[in-house]
Amino acid sequence: MIRIAFFDTKTYDRDSFERLESQDVKFKFFETKLSEDTAELAKGFDGVCVFVNDDVNENVIAKLYEYNVKFIVLRCAGYNNVDVKAAFGKIHIFRVPAYSPYAVAEHTMALLLTSVRRIHKAYIRSRDFNFSLNGLTGFDLHGKTIGVIGTGKIGRVFIDICKGFGMKILAYDPFPMDIEGVKFTDLDEIFRKSDIISLHCPLTDDTRHIIGFDSLPKLKKGVMILNTSRGGLIDAEALLQGIKERIIGGACLDVYEEEADIFFTDNSGHILGDDVLARLISMPNVIVTSHQAFLTHDALDNIAKTTLQNILDFAAGKDNDNEVCYHCENFDKCKSEKKKKCF
Ligand code: NAI
């Protein structure tokens, strides 16, 4: 039997994974996040299952290895929170590269529409029988220019949605492709011309603070920034300054650089210690959701099924394209073309 310790488990994780348990695979759910302090809980388990805010750093990897944990399965696509290099030769890592690009892309558009048509404000007003329209004036998306940074699975679905709205689409990706109606260009043109910028690239050394103090002077005045990718793509202090100086006209954030100890939990009875986030949330033109873009029944179902398959493939010693290979610069390409294994 394979035993897996789940960290940072929420009710919806438990619901979608419990029904996949069998005589061969048993899950133990911990609410706490995986960190150096909690790694000991993994003793006696073959694998651990983690999410976006578990901190799987070098020291955690060393402890897991000492406890004879053989694999880490991420129930998400991004793996920037795992020290893949430290795990090399010790612990195998698997992720769920795609579970529903539609969930994330649709949430991005939901945030954009909510913001530009002031739906969040109208909802609160009408519940109080306030039917005034003052201050609710929005703008048409039709004809506006959107800059999409990162045209992978989610970016491309989002582009399709934007096309339906009749928007002009600019895109930047280190691996540009032919997409009808989309002009691939450099970041400078995206910054200069976009009325709305949407981030759909992974968090890497190259993309950290892609929206930051350096980019502020390059942005079109009044631009809206959408981030449903990873918090570290935006320097939140620069965003705040950009909004205060009226360079940035609005922001929709599903992710935040310092979200790890804040998001996914009910903090309503506490005083928020993060002044930048508190100030951003207080802005009338900022909408924050707490890393919710993935959260659809369809996506949760796909996450659970792919994670289970990753576990079963590992146990059976089968090749699995979802293994994260630290050796390959372009992980997807390496897997498909060379069938290389990490170790
Ligand atoms: P993907 O791997 O299919 O696409 C990422 C794209 O970004 C690729 O085309 C890649 O070439 C491009 N890219 C790499 N470096 C870049 C750079 N320096 N500048 C611009 N583009 C760059 O990934 P997918 O599935 O589209 O996901 C995108 C991101 O969305 C993930 O990395 C993850 O961080 C985030 N995400 C957020 C979720 C949420 O609930 N908010 C859920 C799932 C993913």
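A residue is counted as buried when its relative accessible area is under 20%. In the predicted model described here, Ser115 has a relative accessibility of 6% and therefore counts as buried. Ser115 lies in helix H4, which spans residues 101–116. When residues up to four places away in sequence are left aside, Ser115 touches His120, Met224, Cys252 and Ile287.

Across the whole chain, buried residues account for 49% of the 343 residues. The secondary structure consists of 11 helices and 12 strands, helix H4 with Ser115 being one of the helices.

The overall dimensions were examined next. A compact globule of 343 residues would have a radius of gyration near 20 Å, and the chain, at 21 Å, therefore agrees with that expectation. Along the principal axes, the C-alpha atoms occupy a box of roughly 60 × 50 × 35 Å. Of the contacts between residues at least 6 apart in sequence, 63% connect residues at least 24 apart.

Definitions and conventions
Residues are numbered from 1 along each chain as its sequence is written. This is a predicted model: local features need pLDDT of at least 70, side-chain atom pairs count only at pLDDT 80 or more; totals for chains, interfaces and linings use all residues. Side-chain values use heavy atoms; hydrogens and water are left out. Helices (H or I, at least four residues) and strands (E, at least two) are DSSP runs, numbered from the N terminus. The radius of gyration is taken over C-alpha atoms; the globule rule is 2.2 Å times the number of residues to the power 0.38. Buried means under 20% relative accessible area, exposed over 50%, partly exposed in between (1.4 Å probe, protein chains only). Contact means heavy atoms within 4.5 Å.
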